[in-house]
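Hi,

Here is the structure we talked about. Please have a look at it first, then read my notes below.

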Amino acid sequence: MQISFAETRPTGDYALVLPVAGKDRASLASLGAAQQAVGAALDRQRFEGEGSSVSEQFADEGGAVRRVLIVGLGAGTAAADAAEKLGGTAAARLLTSGEKKAVIDVSSLGYDADTAARVGLAAALRSWRYDRYRTKLKDSQKPTLDEVVIVGGGQGADQRYRSRWAPVVEGVSLTRELVTEPANIIYPETFVERVRASLDGSGVEIQVLDRAEMAKLGMGALLGVAQGSAREARLMILKWNGGTNGQPTAFVGKGVTFDTGGISIKPAAGMEAMKWDMGGAGAVAGALKALALRKAKTNIVGICGLVENMPGGNAQRPGDVVTTLSGQTVEVINTDAEGRLVLSDAVCYVQRNFKPSTVIDLATLTGAILISLGHEWAGLFSNNEELASALLKAGSESGDKLWRMPLAESFDRLIDSPIADMKNVGPREGGSITAAQFIQRFIENGVKWAHVDMAGKAWADKPSSTYEKGATGFGVRLLDQYVADVLESH
Ligand code: BES
Ligand code: MN
Ligand code: ZN
């Protein structure tokens with residue numbers, strides 16, 4: 001999607017989009033002679049300008065017919081939020097409409113540069129789709145819209161879009177692609193290749209460990225998960241050095257390219273969803289891409305722990321004891337609690353090799369977080385108040401919303417094992433918390449750590465203003481916003 005900005009409406013053929021905040025129809029004045037008819041049609045449609053509501057009309061412009069979309073923003077909606085609703089709703093409505101170009105006129109809203117730029121951000125995000133395997137799309141189902149012009153956003157909107165939001169669109173798109181691809185296409189090795197190709201020329205340095213290298217280091221937890229699969233595991237390390245801060249911040253992602261559950265196999269119904277069990281690793285890769293493209297002034301190391309969890313003749317069994325990279329031992333009670341095993345070695349590796357001050361891990365870790373928070377919020381766990389509040393703030397600013405969950409000694413005791421240092425599952429109750437406690441056992445003293453359980457967020461069954469049903473790209477905007485707020489703000 002080509003996004004551009006202009007001071008006045010262009011001439012020629014396009015669909016015109018006008019925002020209406022609740023009952024305030026000021027923007028319609030710009031329609032000139034057509035204003036009255038459009039306003040009357042809105043009344044007949046009982047259009048009240050509620051958030052994301054749309055009235056689609058055709059107006060006569062000196063003999064030519066122009067499609068006019070009136071998009072409701074709701075009364076009193078915060079500007080950034082309204083801007084994203086506007087761009088996203090317009091793009092969704094026009095994407096396969098036959099229109100090639102949309103002009104969104106925000107002149108009546110008095111937006112600052114960033115707010116106007118967010119109209120473009122949402123339009124670009126909302127138009128992302130992945131049609132690679134749809135060979136029989138009818139012409140009428142194919143996207144036509146390829147250009148969006150935002151008019152009246154004032155000086156600096158274009159510059160703001162290009163320097164801040166276009167990179168985020170690229171990052172989110174990479175994440176969505178990785179998450180959408182099925183597991184016969186994206187597995188550890190091909191995840192690495194796809195990311196490598198996508199980051200080519202971005203300035204991100206890439207290092208990859210294969211099975212032999214991980215075995216030599218002693219990453220028994222991650223490799224134990226991978227051993228039932230014909231696909232070899234990988235640890236992907238992405239380095240972005242854009243700053244002068246000595247200690248980097250680490251982002252660590254769970255990258256289970258398919259989670260059958262292993263020998264503790266999952267039920268058949270819905271198992272196809274487990275192709276997106278690499279959403280955390282996908283978000284880390286997408287975030288690094290966004291940060292590199294916008295030349296973020298900070299040092300970040302991203303780690304993707306990549307495995308496929310399969311049952312097989314060589315798969316690990318319930319009851320097996322594995323030795324992690326940290327030296328701690330784990331009794332694997334349930335092979336379906338594999339994400340924490342992967343993360344334990346990944347977070348240990350990054351702490352030993354990069355001495356980060358802060359570690360943030362993202363993982364589609366537990367079904368239990370869906371029971372707690374549904375599909376609206378991801379769960380946030382942290383050993384540090386400042387880090388937790390910065391992430392909560394970045395979450396609400398970016399739309400990747402987080403809800404704080406507790407950690408406590410009493411939960412930690414629930415994963416003690418009679419035979420090893422710990423077991424990989426606790427009781428059913430508090431399942432997301434004991435999973436977080438497990439990861440915390442691999443965080444070194446003094447390291448600030450946050451864990452984001454995003455099991456309900458990698459994939460959506462309902463569209464929003466910034467995504468269609470399917471892969472959301474959750475996590476990229478969260479991490480990008482955190483970097484902007486905390487690591488680049490001085
Ligand atoms: N990948 C799943 C978690 C998940 C479940 C993500 C549903 C998205 C939707 C994870 O590896 C898993 O299987 N967790 C188990 C843990 C249990 C065995 C303690 C779960 O949540 O059931
Ligand atoms: Mn699992
Ligand atoms: Zn999993």
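I start with helix α13 (residues 431–440), which is mostly covered: nine of its 10 residues are buried. Buried means under 20% relative accessible area, exposed means over 50%, and partly exposed is in between (1.4 Å probe, protein chains only). The buried residues of α13 are Gly431, Ser432, Ile433, Thr434, Ala435, Ala436, Gln437, Phe438 and Ile439. Helices (H or I, at least four residues) and strands (E, at least two) are DSSP runs, numbered from the N terminus.

Some ground rules. This is a predicted model: local features need pLDDT of at least 70, side-chain atom pairs count only at pLDDT 80 or more, and totals for chains, interfaces and linings use all residues. Residues are numbered from 1 along each chain as its sequence is written, chains are lettered from A and ligands numbered from 1 in the order in which they are written, and side-chain values use heavy atoms, with hydrogens and water left out.

Now the metals. The manganese ion (ligand 2) has these protein donors: Asp259 (OD), Asp336 (O), Asp336 (OD) and Glu338 (OE). Donors are N, O and S atoms within 2.8 Å of the metal (3.2 Å for Na, K and Ca); water is not among the atoms, so sites may look incomplete. Along the chain, the manganese donors follow the spacing D-x76-D-x1-E. Asp336 is partly exposed, at 22% relative accessible area. Glu338 is buried, at 1%.

The zinc ion (ligand 3) is coordinated by Lys254 (NZ), Asp259 (OD), Asp277 (OD) and Glu338 (OE), at 2.0 to 2.4 Å. Lys254 is buried, with a relative accessible area of 2%. Asp259 bridges the zinc ion (ligand 3) and the manganese ion (ligand 2), which lie 3.2 Å apart. The zinc donor residues are spaced K-x4-D-x17-D-x60-E in sequence. Distant parts of the chain are linked here: Lys254 is in strand β9 (residues 249–259), and Glu338 is in the loop between β12 (329–332) and α9 (339–354), 84 residues apart.

What geometry does the site of each ion have? The manganese site is irregular, with angles of 70 to 166° among its six donor atoms. The cut-offs: four donors count as tetrahedral if all angles lie between 85 and 135 degrees; four count as square planar and six as octahedral if opposite donors are over 155 degrees apart and all others between 65 and 115; anything else is irregular.

Next, a helix pair. Helix α4 (residues 157–180) and helix α14 (residues 476–487) pack at an angle of about 145°, with their axes 9 Å apart. (Axes are lines fitted to C-alpha atoms, for helices over the stretch in contact, and angles run from 0 to 180 degrees between N-to-C directions.) From α4, the contact (heavy atoms within 4.5 Å) takes in Arg164, Trp165, Val168, Gly171, Val172 and Thr175. From α14 come Val476, Arg477, Asp480, Gln481 and Ala484.

Most residues other than glycine have a negative phi. Ser52 has a positive phi, near 65°. Ser52 sits in the loop between α1 (35–44) and β3 (54–61) and is partly exposed, at 31%. Lys295 has a positive phi of about 50°. Lys295 lies in the loop between α8 (279–293) and β10 (299–309) and is exposed, at 53%.

Best wishes
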